[in-house]
Amino acid sequence: FTAVAVMQLVEAGKIDLHAPLQQYIPGLSPKLAKGLTVHHLLKQQSGLPVFIEDITTVDIMDISPGELLAEINRSERHFEPGKKHEYSNINYNLLAMAIEHTSGMNYARYLQEKIFTPLHMTSSGNERLINIPANRAIGYRTINGVKRRVQNVTAYALGTGDIYSTAEDLLKWSNALHRGNLLSEKSRALLFDGGPEDWGYYGYGFRIQPYESAQSLLPAGTLIRHGGTMNGFVSNYHYYKEDDLTVILLSNFRNTPIRALTYRIKEIALKASQSARKKKYEDE
């Protein structure tokens with residue numbers, strides 16, 4: 001969602017993918033901003049720490065984007081931008097801040113006005129401790145051998161894990177992304193340009209990998225995917241392009257083997273037996 005929002009603002013002429021990032025986040029520390037662009041954040045090539053927990057304690061309270069930025073500014077880069085791929089949630093924290101700065105709206109309002117409302121995603125939004133949606137699932141995970149109820153503090157997950165939704169709503173979004181006018185063909189090409197394995201197969205907000213399609217005479221299919229976890233929740237999204245198959249799994253039990261389930265559903269849908277799954281593409 002964050003990557004799509006950024007590309008909408010690129011199309012609107014409000015964001016330049018290769019301009020200095022500090023242009024869109026003036027409060028970003030110069031030591032972190034040096035040589036850094038929106039492109040590096042989208043592609044997970046910034047060198048920033050992987051998780052906010054790596055640099056600060058996550059308190060049980062909502063915080064503002066400014067407070068989150070102050071915590072990020074305390075961090076150190078692992079490498080110079082563009083030198084290699086390393087997944088970092090902080091990249092997408094910063095992208096959400098860039099969306100706010102360039103759009104003149106907070107992140108939640110932008111998503112509501114530009115994505116959720118136009119696509120009739122009536123069960124989606126951004127959660128905070130002061131804005132917990134009705135009928136929200138309770139999250140669980142196994143701790144010390146016991147399945148326990150746990151809690152998220154989503155303010156720290158701005159742009160990375162603060163959205164709630166349903167499988168039905170996510171299917172509306174997926175259909176609009178791949179078949180609708182949510183983005184131009186040029187923007188979609190950038191989103192789905194994954195690169196090689198040692199660069200994480202990472203496009204803009206998605207991993208793009210090969211898969212064994214149902215149409216055996218064709219070369220490898222294109223799998224567009226991403227998963228995510230929060231404390232007590234795990235999710236997975238796969239779009240098998242050549243077979244036009246979408247698999248969406250959402251679970252409120254963190255220990256669910258969600259990728260194995262996703263691939264099994266794909267095999268059932270494409271009428272492929274589990275024992276016949278080819279190992280040509282190790283990511284399957």
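Biologist: Is H226 buried or exposed?

Modeller: In this predicted model, H226 has a relative accessible area of 17%. The cut-off for buried is under 20%, so H226 counts as buried. H226 sits in strand β6, residues 221-230.

Biologist: Which residues is H226 in contact with, leaving aside neighbours within four places in sequence?

Modeller: The contacts of H226 are Y87, Y202, G205, F206, R207, N236 and Y237. With Y202 there is also a polar contact, side chain to side chain, at 2.6 Å.

Biologist: Which residues of α4 are buried?

Modeller: The general idea is that an α-helix has 3.6 residues a turn, so residues three or four places apart point the same way. In α4, the buried residues are L68, L69 and I72. They lie on the same side of α4, because the arc they cover around the axis is only 100 degrees. Among the elements that cover them are α2 and α5.

Biologist: Which residues touch the most other members of the largest nonpolar core?

Modeller: In soluble globular proteins, nonpolar side chains tend to be buried together. Here the largest nonpolar core has 63 residues, and L94 and W173 touch the most other members. Elements that each supply at least two residues include α1 (2-11), α7 (167-179) and β7 (233-240). The most comes from α5, which gives eight residues.

Biologist: What does L94 touch, not counting residues up to four places away in sequence?

Modeller: L94 touches L21, I25, L28, L41, L48, L69 and I72. A second, separate core has ten residues, including Y211, L223, L249 and L270.

Key: Residues are numbered from 1 along each chain as its sequence is written. This is a predicted model: local features need pLDDT of at least 70, side-chain atom pairs count only at pLDDT 80 or more; totals for chains, interfaces and linings use all residues. Side-chain values use heavy atoms; hydrogens and water are left out. A nonpolar core is a set of buried Ala, Val, Leu, Ile, Met, Phe, Trp, Tyr and Cys residues joined through side-chain atoms within 4.5 Å. Buried means under 20% relative accessible area, exposed over 50%, partly exposed in between (1.4 Å probe, protein chains only). Helices (H or I, at least four residues) and strands (E, at least two) are DSSP runs, numbered from the N terminus. Contact means heavy atoms within 4.5 Å. The arc is that of the directions from the helix axis to the C-beta atoms. A polar contact is a pair of N or O atoms within 3.5 Å; within protein, one must be able to donate a hydrogen and the other to accept it, and residues adjacent in sequence count only if both atoms are side-chain atoms.
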